[in-house]
Amino acid sequence: MEYRSLGGSGLQIPALILGTATFGGGNEFFKKWGDTDVKEATSMVDASLELGCNMFDTADAYSGGLSEEILGKAIGGRRDQVLLSTKTGMGMGAGPNDIGTSRDKIIRSCEASLKRLGTDYIDLYHLHAFDALTPIEEMLHALDTLTRAGKIRYFGVSNYSGWHLMKMLALADRHGFTRPVINQVYYALTDREYEWELMPLGLDQNVGALVWSPLAGAKLTGKVGRHKKPAEGSRAATDATWAVPDEHLFAITDVLEALEKETGHSVPQIALAWVLSRPTVSGIVIGARNVTQLRDNLGATSFKLDADQIKRLDDASATRPIYPYWHQQATLASRNPSPVTLGK
């Protein structure tokens, strides 16, 4: 396993992290992702540790807390061997204060996550989504309180826009609060918007990225392609995935399938290796329904794509950026170099 720095911090994490949204299947939506029970989860934790993957990512909203409970049981007495990442911000009840990232919600949610996970501290705590109704200073003060109390070690955000994150960084510096070290983002060959604003921000501010759904909601698993329809009832065939125009998807899967034949590595391994080659990426959160899938995905760190292979994937997945980025490229490209190039 390859290890990388968690953003600008000194903490070393595995390049591949096991995501546990598949644990539990606590409602109809999450059942489409998976319904891993404690026994299977324990086997997956065992296999992960055997292969050097010692970090596990969850969230309180995954199956209403059931994912955290199962992960806590699967770890058993091995807390000192693992790094735990969880999140708060999504709705966890019907009350008006059971959603968002107010000070009240952050602190209550952290205490509840600690109980479900069966631990005294969380290594990495994320704000799962931006809450425009809560002042950012209030969020930072709550996170600072938890950090000083030893209940969280590091914190980050997820699904923030560039200005949301930049404002948080500036306010943290102004008030002397701890900065977020990581941004958990959606980034895949099918969807490269992360490169437009958030990657340049990460390079400039030394904020790393943890990438979620790098296989585009199961569309880059090798089971979907120009001549392969997703199996009925599979995640890629349901609303538990992300919409991608067919021709854009097939242009990418065509290249992935060609590289699979050339390299001997599986389609998901190649798609994951492409993400791992990008600047600012501290790690990738991978999901798996079982140990077999997990072992295959963890093989993505066993090889590197060469420059030509990366270019073929870049070319197949390229799309026109939104304004103002297309205008910057068209009028002043020499003064606005690609962040992918800058980060090499």
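**Entry 1. Phe 177**

I take a residue as buried when its relative accessible area is under 20%. The model I am reading is predicted. I looked up Phe 177 and found a relative accessible area of 17%, so I record Phe 177 as buried. I place Phe 177 in the loop that runs between helix H6 (162-175) and strand E8 (182-186).

I then asked which residues Phe 177 is in contact with, leaving aside its neighbours within four places in sequence. I list Glu 137, Leu 140, His 141, Asp 144 and Ala 172. I also noted the C-alpha separation of Phe 177 and Thr 147, which is 10.0 Å for two residues 30 apart along the chain.

**Entry 2. The chain as a whole**

I counted the secondary structure elements of the protein chain and have 13 helices and 10 strands. For 344 residues, I would expect a compact globule to have a radius of gyration near 20 Å; the protein chain has 20 Å, so the two agree. I read the span of the C-alpha trace along its principal axes as about 50 × 50 × 35 Å.

I noted that buried residues account for 55% of the 344 residues in the protein chain.

**Entry 3. Helices H3 and H4**

Two packed helices are described by the angle between their axes and by the distance between those axes. I looked up both values for helix H3 (residues 66-75) and helix H4 (residues 103-117): the axes come within 7 Å and cross at roughly 40°. I therefore describe H3 as oblique to H4.

Which residues meet where H3 contacts H4? From H3 I list Glu 68, Glu 69, Leu 71 and Gly 72, and from H4 I list Ser 113, Arg 116 and Leu 117.

**Entry 4. Asp 254**

I located Asp 254 in helix H8 (residues 246-263).

**Entry 5. Backbone details in loops**

I checked the peptide bond from Tyr 323 to Pro 324 and recorded it as cis, with omega near 10°. I found Pro 324 in the loop between helix H11 (307-317) and helix H12 (325-332).

I next looked up positive phi values in residues other than glycine. Asn 206 has a positive phi of about 60° and is not a glycine. I place Asn 206 in the loop between helix H7 (198-205) and strand E9 (208-212).

For Thr 280, I noted a positive phi near 75°, again in a residue other than glycine. I place Thr 280 in the loop between helix H9 (267-276) and strand E10 (281-286). Its relative accessibility is 16%, so I count Thr 280 as buried.

Definitions and conventions
Residues numbered from 1 in each chain as written. Predicted model: local features only at pLDDT ≥ 70, side-chain atom pairs only at ≥ 80, totals over all residues. Heavy atoms only, no water. Axes fitted to C-alpha atoms, helices over the stretch in contact; angles between N-to-C directions. Helix = DSSP H or I, 4+ residues; strand = E, 2+ residues; numbered from the N terminus. Parallel < 35°, antiparallel > 145°, perpendicular 65-115°, else oblique. Contact = heavy atoms within 4.5 Å. Rg over C-alpha atoms; globule rule 2.2 N^0.38 Å. Buried < 20%, exposed > 50% of the residue type's maximum accessible area, 1.4 Å probe, protein only.
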